[in-house]
Amino acid sequence: MKSTGMVRAVDKMGRVVIPKEIRKQLKVENDVDSFEIYMDNDKVILKKYQPTCIFCDSLTDSVQFEGYNVCKDCIEKLYKIKDNAE
């Protein structure tokens, strides 16, 4: 893990500001992008959220279905399963 040397305080609401330099490197747009939050023992890890297919974790050609992202390859596989079941 690379240290940035930047320290930010936690405000009364429990918020921490992500420095502009880091947001710029990650190409984070305010009021558009989101972060996934992970914990690893005593570490909090933020990862820029990129919606992936719920079945295969692919980032390409996905559509939203009832709140879930599904890629076109998996949609085709689901159609084949449906056709075989009929």
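Guide: Welcome! Throughout, buried means under 20% relative accessible area, exposed means over 50%, and partly exposed lies in between (1.4 Å probe, protein chains only). The model is predicted, so local features need pLDDT of at least 70 and side-chain atom pairs count only at pLDDT 80 or more, while totals for chains, interfaces and linings use all residues. Residues are numbered from 1 along each chain as its sequence is written, and side-chain values use heavy atoms, with hydrogens and water left out.

Visitor: Is serine 58 buried or exposed?

Guide: Serine 58 sits in the loop between β2 (43-48) and β3 (62-65); strands (E, at least two residues) and helices (H or I, at least four) are DSSP runs, numbered from the N terminus. Its relative accessible area is 19%. Since the limit for that class is under 20%, serine 58 is buried.

Visitor: Which residue's side chain makes a polar contact with the side chain of serine 58?

Guide: A polar contact is a pair of N or O atoms within 3.5 Å; within protein, one must be able to donate a hydrogen and the other to accept it, and residues adjacent in sequence count only if both atoms are side-chain atoms. Leaving out residues up to four places away in sequence, serine 58 touches (heavy atoms within 4.5 Å) Thr52, Cys53 and Cys71. The polar partner, at 3.0 Å, is threonine 60.

Visitor: How many disulfides does the structure hold?

Guide: A disulfide is a covalent bond between the sulfur atoms of two cysteines. Here the rule asks for a pair of cysteine sulfur atoms within 2.5 Å. The number of disulfides in the structure is zero.

Visitor: How far is cysteine 56 from the nearest cysteine sulfur?

Guide: Cysteine 56 is partly exposed, at 41% relative accessible area, whereas cysteine 71 is buried, at 3%. Cysteine 56 is in no disulfide, and its nearest cysteine sulfur belongs to cysteine 71. The distance is 3.6 Å.

Visitor: What is the N to O distance in the salt bridge of lysine 43 and aspartate 42?

Guide: Lysine 43 is partly exposed, at 37%, while aspartate 42 is exposed, at 70%. Their side chains meet in a salt bridge with an N to O distance of 3.9 Å.

Visitor: What is the relative accessibility of asparagine 69?

Guide: Asparagine 69 belongs to strand β4 (residues 68-71). Beyond four places in sequence, it touches a list of residues including Tyr49, Pro51, Ile54 and Val63. Asparagine 69 counts as buried because its relative accessibility is 10%.

Visitor: What is the accessible area of the nonpolar patch on the surface?

Guide: Patches are made of residues with over 30% relative accessible area and no salt bridge, joining like charges within 9 Å and nonpolar side chains (Val, Leu, Ile, Met, Phe, Trp, Tyr) within 5 Å. One of the members, leucine 78, lies in helix α2 (residues 72-85) and is partly exposed at 40%. Areas come from the Shrake-Rupley method with a 1.4 Å probe; for residues, only the protein chains shown count as cover. Together, Ile54, Phe55, Tyr68, Leu78 and Ile81 have about 530 Å².

Note on methods: Salt bridge = Lys/Arg side-chain N within 4 Å of Asp/Glu carboxyl O.
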